[in-house]
Amino acid sequence: MPQSSVVILGGGPGGYEAALVAAHLGAAVTVVDRDGLGGAAVLTDCVPSKTLISTADFMSQFETASDLGVHLEDHEGDEVADSVAELTAVNRRVLALAAAQSRDIGRRLDADGVVVLRGTGRLLSPSRVEATLEDGSTRELEADVVLVATGATPRVMASAQPDGERILTWQQIYSLPELPEHLVVVGSGVTGAELAQAYLGLGSRVTLVSSRDRVLPGEDADAATVIEDVFRKRGMEVLGRSRMASVERTGDGVVVRLEDGREVTGTHALLAVGSIPQTGGLGLEEVGVALRESGHVTVDRVSRTSVRGVYAAGDCTGVLPLASVAAMQGRIAMAHALGDAVAPLNLRAVSANIFTDPEIATVGFSQKDVDEGTIDATSVMLPLATNPRAKMQGITDGFVKLFARRGVGTVVGGVVVAPRASELIYPVTLAVQHGLTVDQLAGTFTVYPSLSGSVAEAARQLHPTD
């Protein structure tokens, strides 16, 4: 049987994970990548931002130390420790870590025989790709399967043009030479909320401009309320129902004008107003690949586009802007295309995390689904303040919320608001993925004392009695 050839456009999570699967299944794989292996997730988005957030989280421990009986002053009141963020050093570490992760991905692809071409690709037909390389030369690649995994880029508005110095997108912040004195963050979605709290923790004064009633408008309302309360308690100014009209530079500062006429001044502005797919100039429409009005590639649950043999994965599809989803889409695409066993993408089993402090982790059906009658479920919410391990660690904000199908007790969703909620959501995700009941979850041993004990306790309280 002849060896299948696979050409992948883009080396982010959707692309490199797909390449590894295809190589394992015996295909000849070529990845055409422009920006560096790992894509935005590794180089300019997920890995760098979470590294920055981890530094801010570490610094926040100094602020809460006195609650645990640890004092950073001697008996005379003199400081014995000083917590100062030196942004140049912080950013150097952030970028070095991202580069190291990218190199690790490259080594793994090389070990599996994947050919990586630095450049851009364009479809000439469903089975031919033209690669324009860095040196300006071109190569034509024949392909039995093409995967488009070109990602997305920060949305830029005509009234708020980034200059990379005072007005920045989230991809430009790692070149800042010093900590912003007053950072105005425009946009209160996941990226805006995460970075607003990160810079607050590093020592900046932060104003968060939100066009909605609350921060994180797409998330669980109880969770978003906890986060907004934490923001305000820690000194962040949150402007709700405040839509940005324009952002302009004013010499050594910026002014953010709101649609109601108010002006917010600061030293820097961070724009976090969404992203747009990078699907232009790839020859997609010319070969018949259907795009949505937004520019996203239309795909089904096994990552197929409207053209046979052409698949797509990741943020360019607009399915869910998560590295884990991009990777799963890429893996599913290759399994389907190369005849391996495959299960369609199940969005109800996707766990997601927002890396604020505390974190918000979710999986499955939401409170909104329950309230709107999408699913008939009961729920329980336990505050972490009653958990013994939380008391030991000085945790006062957060909760565990579980949803179970009424009558039968099958776990259908959950929300965890806690430090390291990204780790605590895993047992709930297992329960959702495999259809476990609350009794099975509650009947599983947990360590005492542990934060995971609250997951089991919530499950116990949802024991079906009907």
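Okay, thanks everyone. Before anything else, keep in mind that what you're looking at is a predicted model.

Let's start on the inside. In general, nonpolar side chains in soluble globular proteins tend to be buried together. Here, the largest nonpolar core has 46 residues, and Leu52 and Tyr199 are the ones that touch the most other members. So which elements build this core? Helix 3 (46-64), helix 4 (87-111), strand 9 (182-186), helix 5 (190-202), strand 10 (205-209), helix 6 (221-233), strand 21 and strand 22 each put in at least two residues. Helix 5 gives the largest share, with 7 residues.

If you click on leucine 52, you can see who it meets. Setting aside anything within four places in sequence, leucine 52 is in contact with Val90, Asn91, Val94, Ile173, Tyr174, Leu195, Ala198, Tyr199 and Leu202. There's also a second, separate core of 27 residues, and among its members are Ala404, Val416, Val432 and Ala458.

Now, helix 5 itself. This one is largely enclosed by the rest of the structure, because 11 of its 13 residues are buried. Among those buried residues are Gly192, Glu194, Gln197 and Tyr199. What about its length?

Is serine 102 buried or exposed? Its relative accessible area is 12%, which is under the 20% cut-off, so serine 102 counts as buried. Beyond its neighbours within four places in sequence, serine 102 is in contact with Gly36, Leu37, Val42 and Leu43.

Next up is helix 10, residues 421-434. It has 14 residues, so at 1.5 Å each it should span 20 Å, and the C-alpha atoms at its ends are 20 Å apart, which agrees. Even so, helix 10 has a kink of about 30°, centred on proline 427. Its buried residues are Ala421, Leu424, Ile425, Val428, Thr429, Ala431 and Val432. And what covers those buried residues? The list includes strand 18, strand 19, strand 21 (399-405), strand 22 (411-418), helix 11 and helix 12.

As background, most residues other than glycine have a negative phi, and most peptide bonds are trans. This model has some exceptions to show you.

First, the cis bonds. The bond from aspartate 357 to proline 358 is cis, with omega near 5°, and proline 358 sits in the loop between strand 18 (352-354) and strand 19 (359-364). Another cis bond joins tyrosine 448 and proline 449, where omega is about -5°. Proline 449 is in the loop that runs between helix 11 (438-442) and helix 12 (453-461).

Then the positive phi values. Arginine 241 isn't a glycine, yet its phi is positive, about 50°. You'll find arginine 241 in the loop between strand 11 (237-239) and strand 12 (244-249), and with 64% relative accessibility this arginine counts as exposed. Serine 303 also has a positive phi, about 75°, without being a glycine. Its loop lies between strand 16 (275-277) and strand 17 (310-312), but serine 303 is buried, at 1% relative accessible area.

A quick word on rings. How many aromatic pairs does the structure hold? The count is 0. There is a charge over a ring, though: arginine 348 lies over the face of phenylalanine 365, at 3.8 Å from the ring centre.

Last stop, leucine 124, which belongs to strand 3 (residues 115-125). Leucine 124 is partly exposed, at 29% relative accessible area. In sequence, leucine 124 and leucine 282 are 158 residues apart, but in space their C-alpha atoms are 8.9 Å apart. Not counting residues up to four places away, leucine 124 touches Val129, Glu130, Glu140 and Val287.

How values were computed:
Residues are numbered from 1 along each chain as its sequence is written. This is a predicted model: local features need pLDDT of at least 70, side-chain atom pairs count only at pLDDT 80 or more; totals for chains, interfaces and linings use all residues. Side-chain values use heavy atoms; hydrogens and water are left out. Helices (H or I, at least four residues) and strands (E, at least two) are DSSP runs, numbered from the N terminus. Buried means under 20% relative accessible area, exposed over 50%, partly exposed in between (1.4 Å probe, protein chains only). Rings of Phe, Tyr and Trp (its six-membered ring) pair if their centres lie within 6.5 Å; planes under 30 degrees apart count as stacked, over 60 as edge-to-face and the rest as tilted. A charge sits over a ring if NZ of Lys or CZ of Arg is within 6 Å of the ring centre and within 35 degrees of the ring normal. The expected span of a helix is 1.5 Å times one less than its number of residues. The bend at a residue is the angle between axes fitted to the seven residues ending there and the seven starting there. Contact means heavy atoms within 4.5 Å. A nonpolar core is a set of buried Ala, Val, Leu, Ile, Met, Phe, Trp, Tyr and Cys residues joined through side-chain atoms within 4.5 Å.
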